[in-house]
Amino acid sequence: MSGFFTHEFFVDPYPTYEELRGEPVRWEEELEGWVLTGYAEVAAALADPRVSRGGGPQDGDLLRRLLTRMMLFTDPPDHTRLRGLANRAFTPSRVEALRPRIAAIVDEQLAEVDEGEWDLIEGLAYPLPVMVIAEILSLPSADRALFRRWSDDVIAVAAGVGDDPERRERALRSAHALADYFAALVAELKAHPNDTLLSGLVEAETEGTRLTGEELLANAILLLMNGHETTTFAIGNGVLALLEHGEQRARLRDEPSLIPVAVEEILRYDGSVQMRGVSAGDDLAFDGTEIRAGETLWLAIGATGRDPRQFPEPTYFDIGRSPNRHLQFGLGPHFCLGAALARAEIQTALAGLLAGFRRIELATHEIRWHEIAVFRGPKAVPLALRR
Ligand code: HEM
């Protein structure tokens, strides 16, 4: 079997998934855990209350205390309480209300394009979600570069496989910097509440013991982290898929009303989330394979989009595909809190590009991919654009 997390895997993980498909639940020595590649098995594991996301004891240094308090890494009853508070602040109407602002950011970013080579990632796919989440969290735009670095450091540890002491040390320093930064912001919001999501969470903290100061901080950082890379990569992967499939791109130009459906196909076909590491909270069985309490499960969400038992002709990229119940946003109680926001951002980015440019071409023959265990996305997507 081709290895996981090799250079070839990061360039194209799908042949490896294909090889694994015959054994949808399989022990992988290299990852010291079970790898689940089948749609049915991954869906069952995502929604199973016996599957744990908890990261062990909630004490230790600040980095550990923050990571174990993020809702993404908690189980009930903590998860239920944290998620309930976040749901209250992150309502669908709040996301809908952001659409005009998202469109304005896309327009501003695209207005800067001149006719020459332009990198989609640096020019749009990265700044868009970061600017949106920064506004939701009331972070001043002048400090964007600072919190980009801090949150990247923390993400590197949260998303990494294995333990690199130097990377951890850097993440700890950045966690302290983020903590100080948010502490000042929270004090300001306590004195002058506004209608942002962070202010909503601050209120929940102020109301009593339902949200502690460290939980508030941890989940604000979680939003900042989750709020960007995944969406950046989805925009990058999506534009690449459209460029590789000229007939589908032409169809989308002719029928822009297909954009929301096309975004789901992009997520299924080449999603930004590839793996989710969880553990068995109890003895489990998937596809007849027994898994012992405490063992690690790698849910290969990226593989599930190409499972022929779920999707007819899975290697065919069809922007009109329906139904399309991909697992990119997960399933069950941890279903992505930001799914509606991410969808709005990806849809608006694609709509802006297609409406703004008559010709969109790739200006390179070689795409370099990030080599991150759990995500998939291009480092740069150089484009030649014509209005
Ligand atoms: C294309 C973009 C995105 C993808 C593919 C994605 C994917 C996911 C997935 C698979 C999960 C569930 C993990 C699990 O079951 O353990 C998740 C959870 C989460 N996502 Fe997203 N996400 C995206 C964008 C966003 C955005 C924009 C935000 C916030 C602004 C966000 C915030 C969250 C949060 C807070 C959770 C934790 C929910 C919980 O534990 O209850 N995500 N996301």
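Predicted model: local features only at pLDDT ≥ 70, side-chain atom pairs only at ≥ 80, totals over all residues.

Student: OK, how does R81 count, then?

Tutor: R81 has 16 C-beta neighbours inside 10 Å, so it counts as partly exposed. R81 sits in helix α5, residues 78-89. Helices (H or I, at least four residues) and strands (E, at least two) are DSSP runs, numbered from the N terminus.

Student: Fine. Give me the big picture: how many helices and strands?

Tutor: The protein has 17 helices and 10 strands. Of its 387 residues, 42% count as buried. Its C-alpha atoms fill a box of roughly 55 × 55 × 40 Å along the principal axes.

Student: What radius of gyration would a compact globule have with 387 residues?

Tutor: It would be near 21 Å, and the protein has 21 Å, which agrees. The radius is taken over C-alpha atoms, and the globule rule is 2.2 Å times the number of residues to the power 0.38.

Student: What share of the contacts comes from residues 24 or more positions apart?

Tutor: They make up 69% of the contacts with a separation of 6 or more. Two residues are in contact if their C-beta atoms, placed from the backbone, lie within 7 Å.

Student: Now the sheets. What is the strand order in the open sheet of five?

Tutor: The order is β1-β2-β8-β5-β3, with mixed pairing. At the edges stand β1 (25-28) and β3 (51-52), each with a single partner strand, so one side of each has no neighbour in the sheet. Two strands pair if DSSP finds at least two bridges between them.

Student: Which helix packs on that sheet?

Tutor: Helix α3, residues 39-47, does, touching β1, β2 (33-36), β3 and β8 (296-299). The direction of α3 makes about 125 degrees with that of β8. For such angles, axes are lines fitted to C-alpha atoms, for helices over the stretch in contact, and values run from 0 to 180 degrees between N-to-C directions.

Student: Parallel or antiparallel: how do β2 and β8 pair?

Tutor: Parallel, over three bridges, and L36 has L299 as its bridge partner in β8. By contrast, β5 and β8 are antiparallel over four bridges, with R276 opposite L299. Strand β5 (residues 276-280) also runs antiparallel to β3, joined by two bridges; there V51 is partnered by A280.

Student: What about the sheet of three strands?

Tutor: That open sheet runs β4-β10-β9 with antiparallel pairing. β4 and β9 stand at the edges, each with a single partner strand, so one side of each is left without a neighbour in the sheet. Neighbouring strands there are turned by 40 degrees against each other on average, direction ignored.

Student: Switching to the ligand: which residues come nearest?

Tutor: Of the 27 residues around the ligand, G227, T230, G330, C336 and G338 come nearest. A residue is near a molecule or strand if its C-beta atom, placed from the backbone, lies within 6 Å of it. Helices α8 (127-136), α12 (213-226), α13 (229-244) and α17 (339-356) each supply at least two residues of the shell.

Student: Is α8 enclosed or open, and why?

Tutor: Nine of its 10 residues are buried, so α8 is largely enclosed by the rest of the structure. Among the buried ones are P127, M131 and I136. Just after α8, S138 takes a positive phi of about 60 degrees.

How values were computed. Residues numbered from 1 in each chain as written. Buried ≥ 20, exposed ≤ 12 C-beta atoms within 10 Å, placed from the backbone.
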